[in-house]
Structure formats: structure tokens, C-alpha cells
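Visitor: I have a model open and want to go through it. Can you start with a charged residue and work outwards?

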Amino acid sequence: MPISQPWICVAIIAGMVSIGVAVWLYRWVNRQDAGSERAQEVASWIREGAKSYLRRLYLALTLVAVALGVVIAIVFSFDIEHLGMEVVTVAPSRGITMAVAFVTGAICSALAGYMGMSVAVSANVRSATAANESINRAFQVAFYAGSVMGLAMVGLAVIGMSVIYLITGDPEIILGFSFGASALALLAKAGGGIYTKTADIAADLVGKIEIGIPEDDPRNPAVVADNVGDNVGDVAGMGADIFDSYVASAVAAMLLGTSLFAGDSLLQTRYTLFPLILCTLGIVASLIGIQFVRVGKSGKPGKALNRGTIITCAIFAVLATAVVLSGGYNLGVLWAALAGLVTGVVIGFTSDYYTSSDFHPVIETARVSSSGAAINIITGFSYGLVSIVPSVVGIVVATLLSYYLAELSGISGIYGVGISAVGMLAVSGMIVSSDAYGPIVDNARGIAEMAGMSQEVIDTTDVLDAAGNTAKAITKGFAISAAALTVLALFAAYAEVVGARGVELVISLREPLVIAGVLLGAATPPLFSALTMLSVTHNAFDMIEEIRRQFREHPGILAGTEKPDYAACVGLAAQGALTSLVIPAFLAIILPVLVGIILGPEALGGFLGGSIFTGVIFALLMSNAGGLWDNAKKFIESGEFGGPGSDAHKAGVVGDTVGDPFKDTAGPSLNTLITVMSLVSSLFAPIIAVFHLF
């Protein structure tokens, strides 16, 4: 592939530069003032708790990765291209290569999350300390720390995909890399989400509601576990999550490029490689766009983050246009990439409207909270439902535009849909930087209060934190929308693989097996959501009892003369999160294979379709409603509608507590769930096409 090699080398170099800048920013953050001895002590509790949980999580995930790697090595050692057609040959090298790619994807996903978590637990105290100086300085520390994960993630992803393609020339091997990233991402995000919301809910219900102490009061035994959760869920978990979506979108388009252009080796190489080119351009755009993120005199961190996103998208659009025009690519791929990019921005800012305290939905939810928690929950849930509509319309528009503009330009429409997903996620370096900023400033706010910093510092970190909640909602909008387009492309790739086995995939609602598949698929995301949220409530109940026990048996804690047992709550959250992952893992990895083997490939196609529809709907609802409830509470805490301690505030706390597992546990895990199920289906499609009962 001599034509492709220069671009692959460019992609590897861009990935190395991205990681290099991430390392430089990591060192810059660590050179900042870590603050007082008390602040450093508080930060050390959070740091040790986060590292302890990740060690336990990654040990468990290592065992899962090894087990799945062995299965993949065995299955793909057989010549599945001719399975059922003639004598099957055994090629252990292919099975081992696929298994190595799978394990590499899992390692890269874990490494991206761990790098982000490491800098986050270092930056939180430094951001709080910098708030003594100015909001701009505190913002800079937190955002640059978030950029470490954003740049490390895209760098590792592009290097991994490029090196595998350079060595093997086979995008199906990259599918193994993507499956490894996705499997780890699902468990890391779900586990981290269960951990963080277990602690958050327990800390809020006992601390704020029962005892009446502030959110991050050091007398609360769950306060350290709460802050640890921000790192393992919103940093390490979300880093693995976006890594998964980023790689899966590129792999889906690469698989389509390989199959749809099989008749012309030159075109096949060009369009198989094109998704990697877009990812490379996205790295360049993100590296430039990050330089424009400054709070300045406005004191509005939200505007600074939005400005950086818009500039990054504009730079990417210019670079993509230049490459398509100068490289002689079909213009259809440009229109598709731009359609995805613009739709991602629109959906992101739709999330901004429904979750920011600058707009009507949050303000109205805060206003009606004076009538009680029930009205708060009904109003927030209703706005969450409404927020689905513009996002779904955006996904529909992106799908139709990318498909028909590609077709009109003389290229496959379904390939255009795949490229649209890549275009939406190509700027993930910038998007993830903004997302990781959120939990860092959340921790900074907690450290400021626990370390006894001035009210001015706490107020400054509150402003930063509110912008972080909105940034996280925007990121989730991007991720969910991109997942919808990605799984549509993966669905097409699944159909191509099954078709290559001589099975014509007919997804008709007149077929009972297809109906059965659709219903099973549609039920899976709600079931997954219920299981993860029930895990949160079960674990939170245990932690609430532990907090009450400590207050009851050690009255000196509330008097401020005795230190709480933080480690007990940290241990409860960690153990509860890890033991809650078994059934979600089964749903994602085993259930699609069972449906395919028992009901057949058409039923599995219906299963994927059903899971896409309800998965996207539930993910949007939960992410947006949860973010809205959180910021409505913070809006009341800023002094509006009675301020802290008022009836409206108590109702806001209850609403926020309901929204916590929505936005940080179930919601953001659903896009990974549907991606994993689609990848599993595509990976095992040749086997399912031959071996099925019906």
C-alpha cells in the first residue's frame, strides 16, 4: 500500500505530537502551586482513593480482557471466511493477531483514562489554590489538566489504529482493537458511574437533607468517596468511553470503505484510510483550538469552552476541505464529514440550552422547586423529554444529508453516514478536554470547602463548576449522537459481512423472528439502565447506613473534634461498583451472540435496530435531565429563589439526587452499550451467519 503509507506516517506523527503536548501540559500542571498543607492533605485522600479503586478495577478488567482474548484467539484461528463452504483451515497467526489487537485496544483505553485521572487528582488542589489569584488562572489550570486526557486519548487511538493498519493492512483486525477499547470502556464507565453516584447520593441525602451541613463539609464521612468518584467516573470512565466511540466510528467507516470499494484496489485503499486522515486533521485542529480557550475579562468559563469548540470545528472544516480538494477525493465525503461536524455542534449546544443556568429550562425548574421536590422532578423530567426531540432531529438530518449528498456525489450513501460519525468525533481532543475540566473543578470546589479556604474562593470554584456541568452535558450530547451514527455504520458493516457469507439480510417487520429481535433489543437499554441505577441505590443505602452509624457512634465527628472514617465509605463504594458489573457485561457481550446463534442473523439485525432506537432516546433523556437538575440546584444555591437552606433548595437537592445516576451512571453508559453490542455482532457475524438455530 505505497499510496497509503505517507498518510499513515503522518497520522502516527500527529498522534505522537498529541501525546507529547499532553505530557508537557501534565508537567506544567504539576509545577503549579499545590496550596496549603491542609489543602494538600485533603487532595491526598482523594488521590489515594482514586488510585486504589482503579487498581482494583483494572485488575478485574485484566482478567476479563485475558479471558476474552483467549476466546478471540481460538475463534479467529479458524478460516471463518470459508466457514461452512469448504474444508476449514486453521491459521493460529490470525487468531493471535486479533487477540493482540483486542488486548492493545483495552490497554490504550485504560491508559488514556488513567492518564486523565492522574493529572485530575493533581490539578484539583492546584486549581482551587489558583482561585485565590483569579478565575482565569484557576480555569487555565483545570482546562489544561483536562486537555491532558483529551490529547492523550486521541493520540493513543490514532497511533493504535494506524500501526495496526500499517502492519496488517486489514481493518477487521482494527475491529478487534475497537472491541477491546469498547469492552473496557463499558465496564470502566458503568463501574465508575456506580461508584461516583453511590457516594454522591449518600453524601447529599445524609449531609444536606438530614444533618444540614454543606455539600463538601469535611465532617461528612462520604465526602472523600464523593470526590474520588468524580475522578474514577467522570475522568477515567468518560475518557475510556469517548476513546471507544472515537475508535468505533473510524473502524466502522474503514470496514465500509474496504467492503464497498472492493472492486478497485486503489479506491479501496484511499477510502479505507480516509477516516484515519480525518482523525489526524482533528488532532491538528484540537491542538490549535485549545490555545484559544481563555476566560479573559468576561469571567465566563462556559463561553470560553464554547469558543474553543467552535474554533476547533472551524479549523477542522477548513483542513478537511483542503485535503479533499487537493487529494482528489469524492466531494461526497466532504459533505458527509461537514454534516456530522455541524450536527455535533448543534446537538451539543442544544444540550447547553437544556442544562445551562443561563436559559429557561434550568431557571424554570429552579423556580418551581419552591413548591416541592415532586414539581422539581416532574418539570426536570419533562424538559429532559423535550430535549430528546432536537437531538433526534439533528441525528436524522445528519443521517439523511450524509447519505443523500454522498449518493448524489457518486459514492455510497452508507459510507457517507460512517464518515459523518467520524466528522462528528474527529474533534474529540477538544471535546474531551472540556469534559475532563468539569470533574476537576468539581473537586477543586470540594477541596476549597474541606480545606477551609475563603468564601471568595468557594464562590469562584462554584462558577467554574457550573460551567463544568454544562460542558459535560455538551460532551455527552456529542458522544450519544456520534454513537447513533456509528452504530448505523456498524449495522451496515454487519450486513456486509453477513452478505459475504451468502446470507441476504432482510429486516422486515412482517417476519416474527425480526420482531422478536427488535423487541429484545429495544428492552436491553432500559434493562441496562435499571440495573446500573438499582446498583447505585443499593450501594447508596449501605453507605447511608455507614454514615449514620459514624455520626451515631462518634458524636465528635459533627462537633469537629473527631475525624470521620473516610476509608470505610471509599471501600464500600469500590466494592459495590465492582460487584455490580457482572450482569451489564453479560448484556453487552454475551446477549447479542446468543440472539444471533438462537434466532439467526435477521433477528440479530432487528435486535441491533431496537437497541439503537431506545438506547439513543434513553441516553439523551438521562444525560440532559440529570444535567438540568444539577444546575437547577446550583442556581438556587447561588442565592436565587430563597438560596441555600430554603424549601426550594431542599427540593433542588432531591431533584439533583434523582438526576445523579441519570447523567453520570446510566445515561453516558448507554452509548457505549449499543456500540459494544454492534461491535460484537460485526465481529462474530461470519460465525452467526453459518451457525444459528432459526
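Guide: Take Lys197: in this predicted model Lys197 has 2% relative accessibility and therefore counts as buried.

Visitor: Which residue does Lys197 meet in a salt bridge?

Guide: Asp664. The side chains of Lys197 and Asp664 form a salt bridge at 3.1 Å, N to O. The pair links distant parts of the chain, with Lys197 in helix α5 (residues 171-211) and Asp664 in helix α20, 467 residues apart.

Visitor: Asp664, buried or exposed?

Guide: Buried, because its relative accessible area is 1%, under the 20% cut-off.

Visitor: How many salt bridges does the structure hold?

Guide: The count is 16. One of them joins Lys633 and Asp630, with the closest N and O atoms 3.9 Å apart. Both residues lie in helix α19, three residues apart, or about one turn of the helix. Lys633 is buried at 1% relative accessible area, and Asp630 is buried at 6%. Salt bridges with shared partners connect a network whose members include Lys197, Asp664, Lys633, Asp630 and Asp660.

Visitor: What about Arg549 and Glu546, how far apart are their closest N and O atoms?

Guide: They are 2.8 Å apart, in a salt bridge. The two residues are separated by about one helical turn, because they are three residues apart in helix α15 (residues 512-553). Arg549 is partly exposed at 26% relative accessible area, whereas Glu546 is buried at 13%.

Visitor: Why does a spacing of three matter in a helix?

Guide: An α-helix has 3.6 residues a turn, so residues three or four places apart point the same way.

Visitor: Changing topic. How many helices and strands are there?

Guide: There are 21 helices and zero strands. The radius of gyration is 24 Å, close to the 26 Å that the globule rule gives for 694 residues, so the protein is as compact as a globular protein of that length. Its C-alpha atoms fill a box of roughly 80 × 50 × 45 Å along the principal axes. Buried residues account for 64% of the 694.

Visitor: How many residues of α13 are buried?

Guide: 23 of its 23. Helix α13 covers residues 428-450 and reaches 33 Å from its first C-alpha to its last, close to the 33 Å expected at 1.5 Å a residue. Gly452, with a positive phi near 75°, follows α13.

Visitor: Which residue other than glycine has a positive phi?

Guide: Phe641 is one, with phi near 55°. Phe641 sits in the loop between α19 (601-637) and α20 (647-683). At 34% relative accessibility, Phe641 counts as partly exposed.

Visitor: And the surface, which residues form the nonpolar patch?

Guide: Among them are Leu513, Phe586, Ile590, Leu693 and Phe694, and the patch has about 710 Å² of accessible area together. Helix α18 (residues 582-599) gives the most, with five residues. Phe694 is in the segment after α21 (685-690) and counts as exposed at 54% relative accessibility.

Visitor: Last one: which element has the lowest mean pLDDT?

Guide: Helix α14 (residues 455-500), at 74, while helix α10 (residues 360-368) has the highest, 93. The protein averages 84, and 95% of the residues score at least 70. Leu464 is in helix α14 and is buried, at 0% relative accessibility. Leu464 and Ile135 are 329 residues apart in sequence, with their C-alpha atoms 7.9 Å apart in space.

Conventions: Residues numbered from 1 in each chain as written. Heavy atoms only, no water. Patch = residues over 30% accessible without salt bridge, like charges linked within 9 Å, V, L, I, M, F, W, Y side chains within 5 Å. Areas by Shrake-Rupley, 256 points an atom, 1.4 Å probe, with all protein chains shown as cover. Salt bridge = Lys/Arg side-chain N within 4 Å of Asp/Glu carboxyl O. Helix = DSSP H or I, 4+ residues; strand = E, 2+ residues; numbered from the N terminus. Buried < 20%, exposed > 50% of the residue type's maximum accessible area, 1.4 Å probe, protein only. Expected span 1.5 Å × (residues − 1). pLDDT = per-residue confidence, 0-100. Rg over C-alpha atoms; globule rule 2.2 N^0.38 Å.
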